[in-house]
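Let's take a friendly walk through a structure with two chains in view. Keep the sequence and the 3D picture side by side as you read.

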Amino acid sequence: MLPYQVIDGGSFTSDSTLAKQLPLSDRPDLFWLRNRTAWGDDAAETSVESWWRYGMAGGAAQTADQAVTTGILSSEAVTSGGFTFIDTANPPTFSSLATTAITGNAGTFVVSMASTGDIAVGDWVRLYATTGELQIAGYKFQVTAVTANVSITLGYMASAVSAGGLAVFAADATAGFVQKYIPNRMYPRWSYVSMITAASQAVVYFTGKNDYTPGEILSFRVSSDFGMEQMNNVQARVLSVTNSSTVSSVTLDWDTSGYTTFVFPTSAVAAAGVSPAVAVPSSSGVVPDNGSASVPQIPEGTNLRDAFDNRNKFIMDLGSNVITSSDAVYDYVAFKFDRFNQE
Amino acid sequence: MSVNINNMPPQIQQNYTQKLLSTPERNCIHNLFASVIEVQDNDGFINRQSRYDALETFEVPLDNAQMNPPSQLLSRVDIDCRVRNYATYVVLTKQVTMTNQDPILNSAAARLGQAYKETSDILQRDNLESSASVVNCVGGSNGDLPTEMALSDLDDIVAVLQNNDGDYITNMIDASDNIGTSPLGDAYTMMCTSRMIPVLNNITGFRRKFEYGTGSINTLSSEWGGVNNVRVFQSSQGSVSVDASLLGNDVANCFITAQEGYKIVFQAGGRAKYIYTPPGYMNDPAHLRHAAACNFYQGQCVNNDLWVQNLRSTGI
């Protein structure tokens, strides 16, 4: 018998996002979760205990709700906001959802959707067939806000306008599709560039959080369709990195002061055929001291954090229908059966 | 009444042919053109290689004052690659190996070997997908972005790689006097999904490998053909980004590389191994099961971002 029945276990304290991603050592056959804080406290608690077994749909869960005072448990089944097992090297695919408008003209990049599905803040989505805004069709964005079944916001793109000075698009999109996707975690990754400022230390904005590090050298592909073609094939060192809830950017040791303004091509030009402006990981350079271009970090050295790496994981994604309380301690156990019978 | 198998069935109703049927095996193409590095044991887990940037050329002569010109700054970049380890195994009960007609441990070893090679290939594929420069095909006519690949797209990539001073991987294939053959220039190599085959066959001037001047002698089964200065290798596990085009169609990521564009890193003591564990180990006091395992250490990375291009195509 191999010791494979319990492959992972532990506890965590939930936060206000009511979401959690737990790394696992393998795909479990059964995953069990219990709210230790609420268990038996005589207060009503939805999903005080919940579980998932191999074969259940992504986002599904079977749960037990706790009744007030009596503590009596009642069974429930949820189809969303439950458990989703993710192998980031072979991630699940998601259905496309329709959009009726994207406010690129206003520069806010709010995507109107009658159904937002299970898209959550922090998820990556891919847009396509964005009528009127084809310059971002095929692009990948990270979601910064969700109003359920109304809209999602592509805040990192919006910050390229508000913080980076990107010119707004000529028109809003009037139709299109949004597809959630989970990126492979090979590191480092190329990124779509949403804006490059013309400055003595250029700031490059991205469409979602970046994982570049100070001292890393990035290489850029910027065609004339994006204006600042002087940046094409430039290899520049990263001085500092910003990854806030709405802004993703790096500041470069590269002077773009006299360069042509970075601008997205029009929808019509994009439809006729362009290659996107991208940043590509290149190599390691000297790590700077707090964003300084000339003073190296002490002790002096080159970046090791940007080493090419395989960071893929097995993850159990927990949604808001199984994590129903913030600041609660949850216990979990992941089982893998030596023999899995399905009769 | 005659004697037939209704009243006289054979005593043994089944026979077994020892020759096994083929297991589908994918073409492993993504490590074919990688430079290979082996790191020694007991020396950390991140491999570093360095590259010195070229100095500026100096065409202006010194004047008669014969003053020393300003010195140049010699600069260097480092390419770091972390090596990870991977493992999988098969557990067989002794009853299976004692009762099956086929020597099943042999098949387990073969399948573990296949799983290793395909995993190693997928790791490199995912690395290239993650970090190689992306260029959209725009020379096709299907109205999508990227379009389906066209000759002009491949020529553009050759121009990019030549402009970046990337060396070809294979030498020119000479012409011959065999009917239906043509020469092929010095070539970069392209790795793509088998779903690209119809697109490739439609590219103007594309030559299947049987049209090479030397015929298909000394070519791999994964090679499909070539055009101008690109030779194409395809695999069913080539890279595809699902629904990633302007119109939401699947996009083939076709990696075109020059020499030393990317690499694979092995650990000296962590080369792929087949490990057999007989009954009696692994908490098996009754000697009921044995195991066949495989493990290996590997890292992969792009050496020079200017020398590997991901030419994206639809039409698949």
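## Domains of chain B

Chain B is divided into domain 1 (35-51 + 79-129 + 264-301) and domain 2 (135-263 + 304-313), with bounds that come from an automatic or database domain assignment. This is a predicted model, in which local features need pLDDT of at least 70 and side-chain atom pairs count only at pLDDT 80 or more, while totals for chains, interfaces and linings use all residues. Residues are numbered from 1 along each chain as its sequence is written, and chains are lettered from A and ligands numbered from 1 in the order in which they are written.

The centres of domain 1 of chain B and domain 2 of chain B, taken over C-alpha atoms, are separated by 32 Å. Between them, 13 residues of domain 1 of chain B are in contact with nine residues of domain 2 of chain B; two residues are in contact if their C-beta atoms, placed from the backbone, lie within 7 Å. On the domain 1 side, at least two residues each come from strand 1 (35-39), helix 2 (104-131), strand 12 (262-267) and strand 14 (289-302) of chain B. Helices (H or I, at least four residues) and strands (E, at least two) are DSSP runs, numbered from the N terminus. Which element supplies the largest share of the side of domain 1 of chain B that touches domain 2 of chain B? Helix 2 of chain B does, with six residues. By class, that side of domain 1 of chain B divides into seven nonpolar, two polar and four charged residues. Here Ala, Val, Leu, Ile, Met, Phe, Trp, Tyr, Cys and Pro count as nonpolar, Asp, Glu, Lys and Arg as charged, and the others, Gly among them, as polar.

## Domains of chain A

For chain A, the domain assignment gives domain 1 (6-88 + 313-335), domain 2 (96-181) and domain 3 (186-310). The C-alpha centres of domain 2 of chain A and domain 3 of chain A lie 22 Å apart. Here 22 residues of domain 2 of chain A are in contact with 21 residues of domain 3 of chain A. Strand 11 and helix 1 (155-162) of chain A each supply at least two residues of the domain 2 side, and helix 1 of chain A gives the largest share of that side, five residues.

## Strands of chain A

In chain A, four strands form an open sheet in the order 7-14-10-11, with antiparallel pairing. Strand 7 (96-99) and strand 11 (140-142) of chain A stand at the edges with a single partner strand each, so one side of each is left without a neighbour in the sheet. On average, neighbouring strands of this sheet are turned by 35° against each other, direction ignored; the axes are lines fitted to C-alpha atoms, for helices over the stretch in contact, and angles run from 0 to 180 degrees between N-to-C directions.

| Strands of chain A | Sense | Bridges | A bridge pair |
|---|---|---|---|
| strand 7 and strand 14 | antiparallel | four bridges | Leu97(A) and Val178(A) |
| strand 4 (45-53) and strand 5 (60-66) | antiparallel | four bridges | Glu45(A) and Gln66(A) |
| strand 5 and strand 6 (73-87) | antiparallel | seven bridges | Gln66(A) and Leu73(A) |

Strand 4 and strand 5 of chain A form a hairpin with six residues between them, and Gly55(A) in the turn has a positive phi of about 110°. The hairpin of strand 5 and strand 6 of chain A has six residues between the strands, and there Thr69(A) takes a positive phi near 65°.

## Backbone details

Where is Phe109(A) found? Phe109(A) is in the loop between strand 8 (101-102) and strand 9 (110-112) of chain A. Phi of Phe109(A) is near 55°, a positive value in a residue other than glycine. Phe109(A) counts as buried because it has 29 C-beta neighbours inside 10 Å. A residue is buried if 20 or more other C-beta atoms lie within 10 Å of its own, exposed if 12 or fewer, and partly exposed in between, with C-beta atoms placed from the backbone.

Asp165(B) also has a positive phi, near 60°, and is exposed, with 11 other C-beta atoms within 10 Å.

The peptide bond from Tyr187(A) to Pro188(A) is cis, with omega near -10°.

Definitions and conventions
Two strands pair if DSSP finds at least two bridges between them.
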